[in-house]
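Dear colleague,

Please find below the structure that I am handing over to you. My notes on its aromatic rings follow it.

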Amino acid sequence: MSDPWWLMLAKVLGIFGFLVLTVLFAIVIERKVLGRMQMRPGPNRVGPKGWLQSLADGIKLALKEDITPVGVDRAIYVLAPIISTVPAITAFAVIPLGPEVSVFGHRTALQLADLPIAVLFILAMSSIGVYGIILAGWSSGSAYPLLGGIRSTAQVISYEVAMGLSFASVFLYAGTMSTSGIVAAQDGVWFAFLLLPSFMVYLTAMVGETNRAPFDLPEAEGELVGGFHTEYSSLKFALFFLAEYINVTTVSALAVTLFFGGWHAPFPINLWAGANQGWWPLLWFTAKVWGFIFIYIWLRATLPRLRYDQFMALGWKILIPVALTWVLLAAVMRSLRNDGYPHWEVVLITLSTLTTLAVLAALHRRFSAVNTQRAAPAPPPVVEKPGSFPTPPLPQRTSPRVKEDVNG
């Protein structure tokens, strides 16, 4: 039976309020945690110990003058922030926040819409949201925003392939693309343990998909000033800011849904009979989402921004092959489970752990390799002659190829 209209409206307002409050708290918590990790003061002026700083920043952005540069494509320039924000909010509609509860006598699930292809819907919404970044860079009429938009295009193409492949192994084991069905399939063992390589690939891809450090190359300040939103100000810039943090919340909620049991209580809380009943699962779900948001903050505080060629190599040469290989292995293990072979979960967890350790070891060798080539011999010292200007030897003269040309 479908929910009444007032209950659907309450769910819509509840999801919107949840996302906005999460963004407000995430911004101020991120600044406080970054200040703590980097041994500098965080926000401490506005409100009790600085906890109203996000609200003050939002009011400040709303009151700032809205400047539109000359030469922009006005229609697309205005629509770009909206295109980034609306899909980010819409994607959260299919995330299950908890089981069925009673609201004024009506039994309803803590989920706005339960689609049979909900995960593909979220993937489509995230793809549409990136068009806002691309169009913002193109419509600004400036070189640096355009470069940021082009980078975002390549980034999405690269990392959505890996993200989609990480979803495939989850679909194999859950037997459904519905988010509620995937959560129900993790009632016993979470997929993060059964499908650890897929989870690690998704964890990396979701950071690249949301343009967050160390993968924030479309808005790299060092070479692109501010990237795709350089020419934006006031509420339009605030919408991009809002869309970024809502996307972080959405992909974190999707990671919880696909790999960490969704709203199911963690061990040992799940030993309590009422842990997965009533409104308690909403608390477990929120705590797991904040755990992933903390990972975003931790990465930003500790890792420097990658070069663009390193970023592309990580996506195409490592993430995609690993994800594709693991999909094949997961399909074999699923077939063995269907044929009735015992202890398949233990074998799969062991194989997942060994595969993940092997990939991490390969990444460590790749990114921490030291150039062991012997250093070139030092040039001979400059001998000054009386009355002459000391001229150092030309570097080309020390090259073996130049010596061959000189000697005939």
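A residue is called buried if its relative accessible area is under 20%, exposed if over 50%, and partly exposed in between (1.4 Å probe, protein chains only). The model is predicted, so local features need pLDDT of at least 70 and side-chain atom pairs count only at pLDDT 80 or more, while totals for chains, interfaces and linings use all residues. Residues are numbered from 1 along each chain as its sequence is written, and side-chain values use heavy atoms, with hydrogens and water left out.

Rings of Phe, Tyr and Trp (its six-membered ring) pair if their centres lie within 6.5 Å; planes under 30 degrees apart are stacked, over 60 edge-to-face, and the rest tilted. The whole structure contains 22 aromatic pairs. Tyr77 and Tyr232 are stacked because their ring centres are 4.3 Å apart and their planes lie at 10°. This pair links distant parts of the chain, 155 residues apart: Tyr77 belongs to helix H3 (residues 74–90), and Tyr232 to the loop between helix H9 (221–224) and helix H10 (234–259). Helices here are DSSP runs (H or I, at least four residues), numbered from the N terminus. Tyr77 is buried, at 0% relative accessible area, and Tyr232 is also buried, at 6%.

Phe294 and Trp298 form a tilted pair, with 5.9 Å between centres and 40° between planes. Both lie in helix H11 (residues 280–302), four residues apart, about one turn of the helix. Phe294 is partly exposed at 36% relative accessibility, as is Trp298 at 48%.

Ring pairs also join Phe167, Phe171, Trp190, Phe199, Tyr202, Phe259, Phe260 and Phe292 into a cluster.

Yours sincerely

How values were computed: Helix = DSSP H or I, 4+ residues; strand = E, 2+ residues; numbered from the N terminus.
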